[in-house]
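Work through the two exercises below with the structure at hand, and follow each solution step by step.

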Amino acid sequence: MQRVLVPAAAAAIAVYSIVHPRTAIHAEEPSEQALIRKPIYSDFPSITRPQKPEPSSNLSSSPTPTDHLATQIRRARLYIHAHAKVAEDQTNRFMSNVLRQEQNLTSTLASLAPPPQTGERLMPGALYILVASMAGSIISRNRNVLLRATTPAAVGVGAAYLVLPHTMQNVGDLIWTFEEKSEVIAVNHLRIRGAAIEAMKQAKIRGEKTRAWSEGVIRYGRELLETWVRKG
């Protein structure tokens with residue numbers, strides 16, 4: 001009987017303490033600062049970032065394989081650039097020399113042409129010179145080797161001076177500019193030219209004397225013939 005009354009009395013005491021409490025419990029009113037709502041875009045408190053650890057001074061300063069590779073690549077690029085520049089300079093000098101030689105050749109050929117007012121035409125004159133050279137070779141075909149080699153050239157040069165005098169004068173001036181570079185050749189050329197000019201003068205003088213003598217002989221013979229006819 002006592003075991004039944006003890007739990008019942010405990011339950012009754014618990015119900016009475018709930019229904020009639022001795023002290024009143026009051027809820028805490030929220031403060032005015034709590035009632036104010038903060039904006040959703042308010043600044044967040046600053047967050048301190050962790051600092052990177054400073055490199056230790058105890059690490060070794062020797063270059064890495066990547067540094068060695070970069071150094072070798074740099075040396076290779078400098079080497080290739082230097083040789084490419086040298087090749088480019090040599091090519092530019094070669095092309096400049098070629099253009100200079102081409103301009104010299106063009107100006108030289110242009111200087112050989114006769115003036116337009118002279119009326120010389122290269123094509124018919126060249127054909128005449130060729131025919132004269134062939135005639136010289138035909139004339140000297142039964143002679144010795146020296147005459148067979150020199151006669152066509154001499155006849156051709158003579159025909160060239162007759163057919164294309166201005167052109168041959170320009171050619172002679174061009175040859176003389178090359179001969180002036182060698183003193184020995186220039187001196188010999190002047191000697192040969194002087195001897196040729198002197199020979200031509202002497203031949204002209206002898207030709208005039210021969211013509212005068214022949215005219216005198218012919219005149220004398222004609223006078224004798226006229227006298228003989230008159231005495232008939």
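**Exercise 1.** Determine in which hand α4 passes α5, and how the two helices are oriented and joined.

*Solution.* α4 passes α5 in a right-handed crossing, the near helix being turned clockwise from the far one by less than a right angle. This is a predicted model, in which local features need pLDDT of at least 70 and side-chain atom pairs count only at pLDDT 80 or more, while totals for chains, interfaces and linings use all residues. Residues are numbered from 1 along each chain as its sequence is written, and side-chain values use heavy atoms, with hydrogens and water left out.

Next, take the angle: helix α4 (residues 122-139) and helix α5 (residues 145-163) pack at about 150 degrees, with their axes 8 Å apart. The two are therefore roughly antiparallel to each other (angles over 145 degrees count as such).

Finally, list the contacts (heavy atoms within 4.5 Å): G125, Y128, I129, A132, S133, G136 and S137 in α4 meet T151, P152, V155, G156, A159, A160 and V163 in α5. By class, this contact has 8 nonpolar, 6 polar and no charged residues.

**Exercise 2.** Find which side chains meet in a salt bridge, and state how exposed D89 and K85 are.

*Solution.* A search of the whole structure finds 1 salt bridge, defined as a side-chain nitrogen of Lys or Arg within 4 Å of a carboxyl oxygen of Asp or Glu. The side chains of D89 and K85 form this pair, at 3.5 Å from N to O. Both residues lie in helix α3 (residues 65-112), 4 residues apart, about one turn of the helix.

Notes:
Axes fitted to C-alpha atoms, helices over the stretch in contact; angles between N-to-C directions. Parallel < 35°, antiparallel > 145°, perpendicular 65-115°, else oblique. Nonpolar A, V, L, I, M, F, W, Y, C, P; charged D, E, K, R; others polar. Buried < 20%, exposed > 50% of the residue type's maximum accessible area, 1.4 Å probe, protein only.
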